[in-house]
Amino acid sequence: MEERIKHLFRLYMDNKCSRKEYEEFFAYIRQSEHDETIRELVKAAYAQAGDTSYIDEMGNLVLLPPKRRRRVMMMPAIAAAIVVLAAAAWFMQAPALTRKITERSEYKYLVLPDSTKVWLNAASTLEFPTDFDKDKREVRLSGEAYFDVQHAENAPFIIHTGKVSTTVLGTAFNIKAYPGQENIIVSVSHGKVRVNYGGDKKPTLLTQGQQVKVNEITESAITKKAALVETAPWKDGSLAYDGETMAEIVADLERVYNVAIRIDNKAISVINISTSFRRDIGIKEALHILCKLTDSQLLATEGVYVIK
């Protein structure tokens, strides 16, 4: 484990971390058992810059007065080390976080510290503190989850998904925000939520039966009445899609059934589809339905389903 952390630290210093490696590295920082290893790595990096700064016994960064600093520009690697240490210090002081993860074709039901109920869909991650603050309750979601939020008048519940944050006091709604997904989709079952996206954009307010699709790249949003009767049919064993592209649906089926699917015809991948079926019909039947709707052909070769 220590060698892995050292490897990730070197990648970070050289600005060569992939997004996945970056998240892995900071996950180690959040785990207190690795504090000493990370502190030693940063100390070694600081040593290259002489006496510009040091780390005290509490793990805090101390910058020396200007007259004692060397009149040299800090190397980029040392600047990076400062960022790492600052982040590490923040994580060490921050409340302990609980992380719940589902693998492909796996689903979980959770009850958070405030009694909020959460249904976590396949291939998803939810992070939340072991104890919420008195004035707000914040969680982070990657993937899809249905929330039934416990009402708390003076403590709004905030879900962070990339650049989008969804705020509620007490309501039930679904959020779909998988990495690589074009839109983040928020659908309200009952109650009211406020969806924030883009620094200067006016928040979108949603009430029962409404849905918003937020494009993080263009920072645009489309609000409409949800066509689906059930906000989160997936938690009851159904798969339902309302105007989603073939590519998005295929990505969903890969997570649900833990299979590999390839679309050979790009024209097919952008077709918008509205359909629904039970999850227990199996992947082959589900793909046959999609192929009929898109006038395409399904093949299976070397463990991969191919649509062409």
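Modeller: Two strands pair if DSSP finds at least two bridges between them. Helices (H or I, at least four residues) and strands (E, at least two) are DSSP runs, numbered from the N terminus. This is a predicted model: local features need pLDDT of at least 70, side-chain atom pairs count only at pLDDT 80 or more, and totals for chains, interfaces and linings use all residues. Residues are numbered from 1 along each chain as its sequence is written, and side-chain values use heavy atoms, with hydrogens and water left out.

The sheet is open, with 3 strands in the order S17-S20-S19 and mixed pairing. S17 (260-263) and S19 (298-301) are the edge strands; each has a single partner strand, so one side of each lacks a neighbour in the sheet. On average, neighbouring strands are turned by 25 degrees against each other, direction ignored. Axes are lines fitted to C-alpha atoms, for helices over the stretch in contact, and angles run from 0 to 180 degrees between N-to-C directions.

S17 and S20 (residues 304-307) run parallel, joined by 4 bridges. Ile-261 has Tyr-305 in S20 as its bridge partner.

Now the helices. Contact means heavy atoms within 4.5 Å. H7 (residues 283-294) packs on the sheet and touches S17, S19 and S20. Its direction makes about 10 degrees with that of S20. H5 (residues 246-257) lies across S17 and S20, at about 165 degrees to S17.
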